[in-house]
Amino acid sequence: PLIQTMRPFTPWLEGEMRSNHAGETGAVNIYKGAIKALDIRRSLGLSYGDARKGQLSYEDRLRAFALEHQDSEQHHVDLLGAVLDGDGISILLPAWRMASFTLGFASTIFCPRGMYLTTEAVETFVEEHYMAQIRRLRYEAAGTVLCNDDGKDADENGTRTSLKARAELIVMLEHCCADEVHHKEKARERAAEGPFPWFAWVDTSWQWFVQTGSAVAANC
């Protein structure tokens, strides 16, 4: 892909791509943790939500949700991994895998609805994170065009290739971001179905905790 011609990335972009890859890897493991929790709940006879005629039970719907979104996040990991090509991968990846698995497991084991809250919180942060990168890349591309128009850049072919590579990267990030928005909205819809906690602050406190943790992890 043309994106490879941008390597080595500028320091800020190198850090963001490393963060993106680690974040998507974490997302895969959040869903794995949720699925493991659902398996344990089923084995202990704790599953709830009877299946209606022709419909899945509450926890089977969550399992289908987790499996579908896990596949989507794995696709993102593969895309980002191909761009990084083994370079720039976070050395903390094993820790992020473990922490993310634990988050997905903890979100589900006691109250499966918690997984929807976690997904909405994580994806809200990820959407903002991707959009910040997309805005900066567009700004830099516009600056490159202006520079070239002023005659300050004599290498037109190189500039054209650079702009195409940047555009390709923006399209990839927009694709990933759109998927995350879909996950967020679907999780919000499912969470709105209940069952609800006794106090509304339980939801808001949990989501604040998850979003704060996501922000801290993204900057490591």
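Tutor: C177 is buried, at 4% relative accessible area, where buried means under 20%, exposed over 50% and partly exposed in between, with a 1.4 Å probe and protein chains only. This is a predicted model, in which local features need pLDDT of at least 70 and side-chain atom pairs pLDDT 80 or more, while totals for chains, interfaces and linings use all residues. Residues are numbered from 1 along each chain as its sequence is written, and side-chain values use heavy atoms, leaving out hydrogens and water.

C176 is buried as well, with a relative accessible area of 0%. The closest cysteine sulfur to that of C177 is in C176, 8.7 Å away, which is too far for a bond, since a disulfide requires two cysteine sulfur atoms within 2.5 Å. The structure accordingly holds zero disulfides.

Turning to the rings, the whole structure contains five aromatic pairs, counted when the ring centres of Phe, Tyr or Trp (its six-membered ring) lie within 6.5 Å, with planes under 30 degrees apart called stacked, over 60 edge-to-face and the rest tilted. One of them joins Y58 and Y116, whose centres are 6.3 Å apart and whose planes meet at 75 degrees, so the pair is edge-to-face. This pair links distant parts of the chain, 58 residues apart, with Y58 in helix α2 (residues 58-84) and Y116 in helix α4 (residues 113-149); helices are DSSP runs of H or I with at least four residues, strands are E runs of at least two, and both are numbered from the N terminus. Y58 is buried at 13%, and Y116 is buried at 1%.
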